[in-house]
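I set down below what I looked up in this entry, topic by topic.

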Amino acid sequence: MKSFTKFGSIILLLCVFCIFILSGCGEEKSGNTLDEPEITGEYLSEEYSRQLLTDGAETITGFVDMEKSDGVYKVKVTEKEVVPNSSYDEGYYIADTNLIKNLSLGIEPKIACLSDGELIVQTPDEFIKYSKKHPNQLYTIYMMGVSAELIIATSPEDVIVE
């Protein structure tokens, strides 16, 4: 009987130990995942964009027009290229590549627009209104296949093609 009690105690201690180990005790969790960082324009333009590129995203630069139809967001990107040219006051011009890409918006899209020189995170509906007021704003679009995962306002100086 004594050996059964010792054996039962050991099994009970192992079960309690396993529960603490497998539950991730001490980690901040939201549901089954670790808490995400705060979604800011800086985070999107740095860490998040690098992660998308690591995951295989492709980028294009251009003007963006988005519309919502039957609950689905459609993204039309008119591709542009920033070309250095000392003849222009800015030192560059924006050339039309004569290419248009039609994309869908990703499941969890991230969008950041410029406001007073600062990147501001926006919802797709806010972006539709913003883009109508700023049709010549240049964006870098991070795509996975035909899905736009990140749309981020870009300064032409940051994407000059040599």
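Predicted model: local features only at pLDDT ≥ 70, side-chain atom pairs only at ≥ 80, totals over all residues.

Residues are numbered from 1 along each chain as its sequence is written, and side-chain values use heavy atoms, with hydrogens and water left out.

**Entry 1: chain layout.** I took helices (H or I, at least four residues) and strands (E, at least two) as DSSP runs numbered from the N terminus. The chain has 3 helices and 8 strands, and their order along the sequence is α-β-β-α-β-β-β-β-α-β-β. Of the 162 residues in the chain, 32% are buried.

**Entry 2: salt bridges.** I required a side-chain nitrogen of Lys or Arg within 4 Å of a carboxyl oxygen of Asp or Glu. By this rule I have 3 salt bridges.

Asp65 and Lys132 meet at 2.9 Å, N to O. This pair links strand β3, which holds Asp65, to helix α3, which holds Lys132, 67 residues apart. I classed Asp65 as partly exposed because its relative accessible area is 33%; Lys132, at 49%, is also partly exposed.

Lys68 and Asp125 form a salt bridge at 4.0 Å, N to O. Here Lys68 in strand β3 is linked to Asp125 in helix α3, 57 residues apart. Lys68 is partly exposed at 47%, and Asp125 is partly exposed at 37%.

Asp96 forms a salt bridge with Lys80, the closest N and O atoms being 3.6 Å apart. The pair joins strand β5 (Asp96) to strand β4 (Lys80), 16 residues apart. Asp96 is partly exposed, with a relative accessible area of 40%, whereas Lys80, at 17%, is buried.

**Entry 3: aromatic pairs.** Rings of Phe, Tyr and Trp (its six-membered ring) pair if their centres lie within 6.5 Å; planes under 30 degrees apart are stacked, over 60 edge-to-face and the rest tilted. I found 3 aromatic pairs in the structure. One of them, Tyr43 with Tyr48, is tilted, at 6.0 Å centre to centre and 40° between the planes. Both Tyr43 and Tyr48 are buried.

Phe127 and Tyr139 form an edge-to-face pair, at 5.4 Å centre to centre and 80° between the planes. Phe127 lies in helix α3 (residues 124–133) and Tyr139 in strand β7 (residues 139–144), 12 residues apart. I recorded Phe127 as buried because its relative accessible area is 0%; Tyr139 is buried at 0% as well.

**Entry 4: positive phi.** Which residues other than glycine did I note with a positive phi? Asp70 has a phi near 55°, and Asp116 has a phi of about 55°. Asp70 is in the loop between β3 (58–69) and β4 and is exposed, with a relative accessible area of 79%. Asp116 lies in the loop between β5 and β6 (118–122) and is exposed at 83%.

Key: Buried < 20%, exposed > 50% of the residue type's maximum accessible area, 1.4 Å probe, protein only.
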